[in-house]
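Reader: I'd like to learn how to read side-chain contacts in a model. Can you take me through it, one feature at a time?

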Amino acid sequence: MTWRRLGIAGFDRLIGKGVYYGAARSEANTTHGLDVFLIGAGNSAGQAALHFSGHARSVTLLVRGPSLADSMSHYLIEQLRAKSNVKVQLRSEVQAVHGETHLTAIDILDKASNEVSRHDCGGLFVFIGANAETEWLPADVVRDARGYVLTGDDVKKAGGWSLDRDPYLLETSAPGVFACGDVRLSPVKRVASAVGEGSMAIAFVHQYLANEEKARRGQS
């Protein structure tokens with residue numbers, strides 16, 4: 001998968017130099033005493049804002065829409081409200097980034113007032129989702145509208161399963177083909193989750209092959 005990109009002039013030039021797609025936990029340690037901004041309205045953005053709040057001087061969550069309620073879990077919204085150094089700025093978009101060798105400031109458009117203001121920025125972290133790069137897969141591997149591979153019960157619900165038995169948890173609509181990590185339709189997009197799913201997929205492969213061998217012997 002690849003992160004969705006923002007079409008802001010100069011943005012790509014500053015990636016890794018104050019502008020980041022997503023955020024590792026280690027990056028929060030570099031924001032002590034700084035004012036940081038996050039773009040996004042989903043749970044990943046909310047969780048990152050909470051984590052940064054323990055390090056940065058201030059954390060501002062920039063949201064294009066009028067509310068967080070449609071895209072973020074209620075418990076996260078309540079936790080953000082309880083943080084004195086976290087601000088949620090609705091109906092807002094980044095218009096420009098500034099800095100020669102490293103990000104120094106950003107321009108924010110307030111869509112309610114149509115005014116643009118400049119803010120010192122010690123880090124800009126983008127959480128606007130990603131696209132699955134699965135166009136190369138054959139048609140018999142069923143995907144959702146965004147290209148993420150369906151597995152397990154999702155395959156059955158989509159009507160893409162043809163065998164009498166149920167598909168394994170990580171099995172795609174093509175029997176014996178398994179998917180794990182970011183490419184699989186799942187609300188969890190984390191490295192640790194992908195590693196665990198990879199181990200599970202290997203176990204399922206062995207189980208699949210063993211059952212296939214048993215069925216072959218039963219037919220002979």
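Author: Let's start with the polar contact: a pair of N or O atoms within 3.5 Å, where, within protein, one must be able to donate a hydrogen and the other to accept it, and residues adjacent in sequence count only if both atoms are side-chain atoms. Here, the side chain of Arg-184 makes such a contact with the side chain of Glu-197, at 2.8 Å. Arg-184 also has a polar contact of 3.0 Å with the side chain of Thr-151.

Before we go on, a word on the source: this is a predicted model, where local features need pLDDT of at least 70 and side-chain atom pairs count only at pLDDT 80 or more, while totals for chains, interfaces and linings use all residues. Residues are numbered from 1 along each chain as its sequence is written, and side-chain values use heavy atoms, with hydrogens and water left out.

Reader: Where does Arg-184 sit in the fold? And is Arg-184 buried or exposed?

Author: Helices (H or I, at least four residues) and strands (E, at least two) are DSSP runs, numbered from the N terminus. Arg-184 lies in the loop between helix 3 (153–157) and helix 4 (191–219). For accessibility, buried means under 20% relative accessible area, exposed over 50%, and partly exposed in between (1.4 Å probe, protein chains only). With a relative accessible area of 11%, Arg-184 is buried.

Reader: And how do I read a salt bridge? How many salt bridges does the structure hold?

Author: Side chains of opposite charge can pair when their charged atoms come close. The cut-off is a side-chain nitrogen of Lys or Arg within 4 Å of a carboxyl oxygen of Asp or Glu. The structure holds ten salt bridges. One of them joins Glu-78 and Arg-81, 2.7 Å from N to O. They're three residues apart in helix 2 (residues 74–81), so about one helical turn separates them. Glu-78 is partly exposed at 33%, and Arg-81 is exposed at 63%.

Reader: Which parts of the chain does the Glu-93 and Lys-111 pair link?

Author: That salt bridge is 3.4 Å, N to O. The pair links distant parts of the chain, 18 residues apart: Glu-93 is in strand 6 (residues 92–98), and Lys-111 is in the loop between strand 7 (105–110) and strand 8 (115–120). Glu-93 is partly exposed at 24%, and Lys-111 is partly exposed at 37%.

Reader: What about Arg-217: which residue does it form a salt bridge with?

Author: Glu-213, with the closest N and O atoms 3.0 Å apart. Arg-217 and Glu-213 are four residues apart in helix 4, so about one helical turn lies between them. Salt bridges that share partners join Glu-213, Arg-216 and Arg-217 into one network.
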